[in-house]
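I opened my notebook to look up a sheet and a cavity. Here are my entries, in the order I made them.

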Amino acid sequence: MSFKVAIIGRPNVGKSTLFNRLVGRKLALVDDTPGVTRDRRVHAAKLYDLHFDVIDTAGFEDAAASTLPGRMRAQTEIAIREADLIFFTIDAKSGLLPDDRTFAEIVRKSGKPVVLVANKAEAKGAQGGMLEAWELGLGEPIPVSAEHGQGMPDLRDAVIEALGEKRAFDEEEDEAEEEVAASEVLIGEDITDPDAEPAYDDTKPMRIAVVGRPNAGKSTLINALIGEERLLTGPEAGITRDSISVDWDWHGRRLKLFDTAGMRRKARIHEKLEVMSVQDGLRAIRFAEIVIIVLDATIPFEKQDLQIADLIIREGRAPVIAFNKWDLIDNPQELLAELREKTGRLLPQVRGIQAVTVSAETGRGLDKLMDAVIKTHKVWNSRVSTGKLNRWLESILAHHPPPAVAGRRLKVKYVTQAKTRPPGFVVQCSRPDAMPQSYVRYLSNSLREAFDMPGVPIRIALRTSDNPFAGRANKRK
């Protein structure tokens, strides 16, 4: 079993920078503004030959429990309880502040092993802060520079000393990692037979991003799904800044949920930190397979909602709509009929999209939402044999052939499915550039209806076959 390390400290000491250094990727948002991190984030990390999970936390602040800083502190306290080792991080450049001493006492009372990390040790005057750090009574401060990667060998040695070699190097964990790696190779194999219609593989982990406007209830929805207060929530809009991933098991199916920052209209985004948050959310969408679009049922289908949905469709992700806050609706039947009509009219490019009414606050509709997610994921992964496609094409051409362009009839010869995730088809025809987009949409809608592929993007590429006599003609010349 691997060990967990929680990085804690007051705001702006470089916890997220150290987190990014340990995981080897820029996952956590980093900015000079204090208090950027609000939720706790867990990720696999490596420090030379040490392998462990690291938890990034919000800045530890002394505040009332009902306030946002107080709720952030509660998340940090959960991280302390979950951790096997604590990196108590201070800013060596600025030296100790009263909060450092207060929180050092809390860490000491936890009884967990502690490594005192003196970050920003490369700065001028950091030696004074290093000497002050001894006053905390947490042992020898380890000077590091998370930004520049300095001091990492000393940090590794400190971890081994704090945990002991047996705990730091767990051979059983190494064997388990090899088994997981082997299984990932097996489940990662791609389909090589274009005519095959394989059974749906529910052994692969599914990646689900949860997106929407600020204050739509995204974090509350994820907390309701997993059954714990994993993500920071509250009445304030824009609480979530980072895209936080949460591992979850639903009826034996492995899932990874990504909570994202609320996305406002571009014209309203002025702060650099919000730009970074939205960019982080966009990366989560591109990485995901299913994207749950959370709409506030009291004010659904605003312009920004449709722009978010259009972005997801253009990226080729599989969308599912969750009309949240359904417990606040007074006329549910009437509104539901209206929303269904609007969904079909405003999102024709994903006709038949799964849309579910939920209440993250009360837990209503969550099972239906997950059923819709699984159904959409199956459609997104669906493959149709070439034989069935061409029998369908013959029927389509008999009833509705392509129009004549400039007096010449367009010929459609052949269709095959080139890819899945989302379903993509290649249609061979005589003059691809002359094919009207209206006829391409007709083919797409007919495909969707004939092979039961509702609610996901469908890609159609037009190709022309090479003229076998063109080469001979050129040789004669």
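Which residue in strand 17 does Phe 425 stand opposite? I looked, and it is Ile 460. I noted that this is a predicted model.

Three of them form an open sheet, in the order 15-16-17. I wrote down the pairing as mixed. Strand 15 (412–419) and strand 17 (459–463) each have a single partner strand, so one side of each is left without a neighbour in the sheet. These two stand at the edges. From one strand to the next, I found an average twist of 25°.

I reminded myself how strands are held in a sheet: they pair through backbone hydrogen bonds, either parallel or antiparallel. Then I checked strand 16 (residues 424–429) against strand 17. The two pair in the parallel sense, over five bridges.

**Entry: the helices**

I looked for helices lying across these strands. Helix 13 (residues 386–399) lies across strand 15 and strand 16, and runs at about 140° to strand 15. Helix 14 (residues 437–450) lies across strand 16 and strand 17. I noted its angle to strand 17 as about 130°.

**Entry: the cavity**

How many cavities of 30 Å³ or more does the structure hold? I found one. The largest cavity has a volume of about 40 Å³.

Then I listed its lining. Among the lining residues are Ile 293, Phe 301, Asp 305 and Leu 347. Strand 10 (290–296) and helix 10 (303–314) each supply at least two lining residues. Helix 10 gives the most, with three. By class, I noted seven nonpolar residues, no polar ones and one charged.

Terms used
Residues are numbered from 1 along each chain as its sequence is written. This is a predicted model: local features need pLDDT of at least 70, side-chain atom pairs count only at pLDDT 80 or more; totals for chains, interfaces and linings use all residues. Side-chain values use heavy atoms; hydrogens and water are left out. Two strands pair if DSSP finds at least two bridges between them. Helices (H or I, at least four residues) and strands (E, at least two) are DSSP runs, numbered from the N terminus. Axes are lines fitted to C-alpha atoms, for helices over the stretch in contact, and angles run from 0 to 180 degrees between N-to-C directions. Contact means heavy atoms within 4.5 Å. On a 1 Å grid over the protein atoms alone, a cavity is a set of points where a 1.4 Å probe fits but cannot get out, and a pocket is an open set with protein on both sides within 12 Å along at least five of seven lines; lining residues have an atom within 4 Å of a point. Grid points are joined across faces, edges and corners, and a volume is the space filled by probe spheres set on the points. Ala, Val, Leu, Ile, Met, Phe, Trp, Tyr, Cys and Pro count as nonpolar, Asp, Glu, Lys and Arg as charged, and the others, Gly among them, as polar.
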